[in-house]
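Trainee: Could you walk me through reading a model like this one? I would like to take it feature by feature.

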Amino acid sequence: MDNNELIKLRFKQSIELKQSLLNNAHVLITIENIVEKICQCFRDGKKLWLCGNGGSASDAQHIAAEFSGRYY
């Protein structure tokens with residue numbers, strides 16, 4: 001498989017995963033519940049603690065910056 005085909009395969013796999021999540025009611029309800037809990041936390045003046053190890057720590061820092069900048 002050449003690089004071009006491998007790139008196409010990875011995009012196709014990503015699209016398929018997202019389509020399966022879009023069609024999964026349990027996943028959608030879970031995400032909706034999490035979003036509501038986070039919003040209620042902020043409305044109540046409480047804190048949201050985020051943490052991670054390694055790459056997950058970078059993800060936690062990124063979402064914290066989004067909450068404190070874009071969404072605050």
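Trainee: Since the model is predicted, what is the mean pLDDT of the protein?

Mentor: The general idea first: where pLDDT is low, the predicted coordinates should not be read in detail. Here the mean pLDDT is 94, and 96% of the residues reach 70 or more. Confidence is highest in helix α1 (residues 3-22), at a mean of 97, and lowest in helix α3 (residues 55-69), at 92.

Trainee: Back to α2. What should its 19 residues span?

Mentor: Counting 1.5 Å a residue, α2 should span 27 Å, and its end C-alpha atoms are 27 Å apart, so the two agree.

Trainee: And what caps the N-terminal end of α2?

Mentor: That is N24, which places a side-chain oxygen 3.0 Å from the backbone nitrogen of H26. Past the other end, just after α2, look at G45: its phi is positive, about 75 degrees.

Trainee: Why are E5 and K8 separated by about one helical turn?

Mentor: Because they are three residues apart in helix α1. E5 itself counts as partly exposed, because its relative accessibility is 41%.

Trainee: Which residue does K12 pair with?

Mentor: K12 forms a salt bridge with E16, and their closest N and O atoms are 3.1 Å apart. Both lie in helix α1, four residues apart, about one turn of the helix. E16, at 40% relative accessibility, is therefore classed as partly exposed.

Trainee: How far apart are the closest N and O atoms of E36 and R43?

Mentor: In that salt bridge they are 2.6 Å apart. As for accessibility, E36 is partly exposed, with a relative accessible area of 41%. R43 has 52% relative accessibility, so R43 counts as exposed; the cut-off for that class is over 50%.

How values were computed
Residues numbered from 1 in each chain as written. Predicted model: local features only at pLDDT ≥ 70, side-chain atom pairs only at ≥ 80, totals over all residues. Heavy atoms only, no water. pLDDT = per-residue confidence, 0-100. Helix = DSSP H or I, 4+ residues; strand = E, 2+ residues; numbered from the N terminus. Expected span 1.5 Å × (residues − 1). Polar contact = N/O pair within 3.5 Å; in protein donor to acceptor, adjacent residues only side chain to side chain. Buried < 20%, exposed > 50% of the residue type's maximum accessible area, 1.4 Å probe, protein only. Salt bridge = Lys/Arg side-chain N within 4 Å of Asp/Glu carboxyl O.
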